[in-house]
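Visitor: I'm new to reading protein structures. Could you walk me through a few features, one at a time?

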Amino acid sequence: MVKEQGIGRSHAKIILMGEHSVVYGQPAIALPLPSVQLTATLNSTDQGQMVNSRYFTGDWHDLSPVMQGVRELIATLVERFTGQDDHWQLTIDSQLPAERGMGSSAATAVAIVRAFFAYYDRPLSRDRLLALADVEEQITHRSPSGLDAATVSAKTPLYYVKGQAGTPIPMNLQATMVIADTGVKGATKEAIMAVQDLLKADHDRAQAHIDHLGQLVVASRQFLAAGEAFKLGTTLNAAQQDLAALGVSDDQLDHLIAVANHHGALGAKLTGGGRGGCMFAITRTALGARKLAAILKDNGAVQTWIQPLDTTRGED
């Protein structure tokens, strides 16, 4: 049975802590950002199978190589529902910036899968959702960890170890997060190579930073649950020092992080692959977060987002 419309939603994510070290067996914590949303809407039309997004408008068969993952995902879904002769338009409306470490490709995949299953009125288990989203992620990111898709479709923070399923963890934190985009596309591959090169050149020093990041993640898990915002902030600053020592930060990230700390943030660090992309800071109050967001924009951030972390307010 085909409906007139199917809607799928997802949201952004950030890595709270554990970037790069997660590759080497250390844990990581990822947070969903429900305030930064993506919606995929599948509407019945008279003819064609069209995609309408900020990057592409036209028949999905003509999606560019950059969007090969999306094209393969749509092909998989069309075949799954024997929908080769059905007519629809898929509209993707995203608040997420691309290539900034906020899970844009995974959020797109999750929303598209949900939209198709809603359109064809079929039940969708979480395992099936993640397996289908992985069709896109395998092409876009090669050997993805699965953390992005798990987090952009989740409502709670996830504690993650590579090769294992993410574990939902409690968060009872009266604080607000400010995320800022440096305006520079993240250079994840270069950052990964920088860590690899340092491990070869000075293994003991690099490994010490990686191990320390793992210890900070374990501590942060407890601080989230216990509502220890000040201790979490200190831990974020320590993690940033490790990441900078591993060579994955850059001047603009360092600048915005320093500005945030100078203007009252409890802590701040980069998020994602680094070498560009985004940073974030946490503040004690929502008012403090709004003020800090304006200050970060005055200091070069091209876009900011604010995410309450106090789950007692009913935030997802």
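Guide: Let's start in a loop. This is a predicted model, and His-20 sits in the loop between β1 (5–17) and β2 (28–44).

Visitor: What is the phi of His-20 near?

Guide: First the general idea: most residues other than glycine have a negative phi. Here, phi of His-20 is near 70°, a positive value in a residue other than glycine.

Visitor: And is His-20 buried or exposed?

Guide: The cut-off for buried is under 20% relative accessible area. His-20 has 8% relative accessibility, so it counts as buried.

Visitor: Where is Thr-82 found, and what is its phi near?

Guide: Look in the loop between α1 and β5 (88–94) for Thr-82. Its phi is near 50°, again positive in a residue that isn't glycine.

Visitor: Buried or exposed, that Thr-82?

Guide: Exposed means over 50%. Thr-82 has 62% relative accessibility, so it counts as exposed.

Visitor: Okay, now helices. How do I read a pair, say α1 and α2: at what angle do their axes cross?

Guide: Picture a line through each helix and check the angle between the lines. The axes of α1 (residues 68–80) and α2 (residues 104–119) come within 11 Å and cross at roughly 20°. Angles under 35 degrees count as roughly parallel, and therefore α1 and α2 are roughly parallel to each other. Their crossing is right-handed.

Visitor: Which residues meet where α1 and α2 come together?

Guide: From α1 the list includes Val-70, Leu-73, Ile-74 and Leu-77. Among their partners in α2 are Ala-109, Ile-112, Val-113 and Phe-116.

Visitor: Now a single helix. How many residues does α9 have, and how far does it reach?

Guide: A handy check is to compare a helix's reach with its expected span. Helix α9 (residues 286–298) has 13 residues and reaches 19 Å from its first C-alpha to its last, close to the 18 Å expected at 1.5 Å a residue.

Visitor: Which residues of α9 are buried?

Guide: Those are Ala-289, Leu-292, Ala-293 and Leu-296. They cover an arc of only 110° around the axis, which puts them on the same side of α9.

Visitor: Which residue just after α9 takes a positive phi?

Guide: That's Gly-300, with a phi of about 115°.

How values were computed. Residues are numbered from 1 along each chain as its sequence is written. This is a predicted model: local features need pLDDT of at least 70, side-chain atom pairs count only at pLDDT 80 or more; totals for chains, interfaces and linings use all residues. Side-chain values use heavy atoms; hydrogens and water are left out. Helices (H or I, at least four residues) and strands (E, at least two) are DSSP runs, numbered from the N terminus. The expected span of a helix is 1.5 Å times one less than its number of residues. Buried means under 20% relative accessible area, exposed over 50%, partly exposed in between (1.4 Å probe, protein chains only). The arc is that of the directions from the helix axis to the C-beta atoms. Axes are lines fitted to C-alpha atoms, for helices over the stretch in contact, and angles run from 0 to 180 degrees between N-to-C directions. Angles under 35 degrees count as roughly parallel, over 145 as roughly antiparallel, 65 to 115 as roughly perpendicular and the rest as oblique. A crossing is left-handed if the near helix is turned anticlockwise from the far one by less than a right angle, and right-handed if clockwise. Contact means heavy atoms within 4.5 Å.
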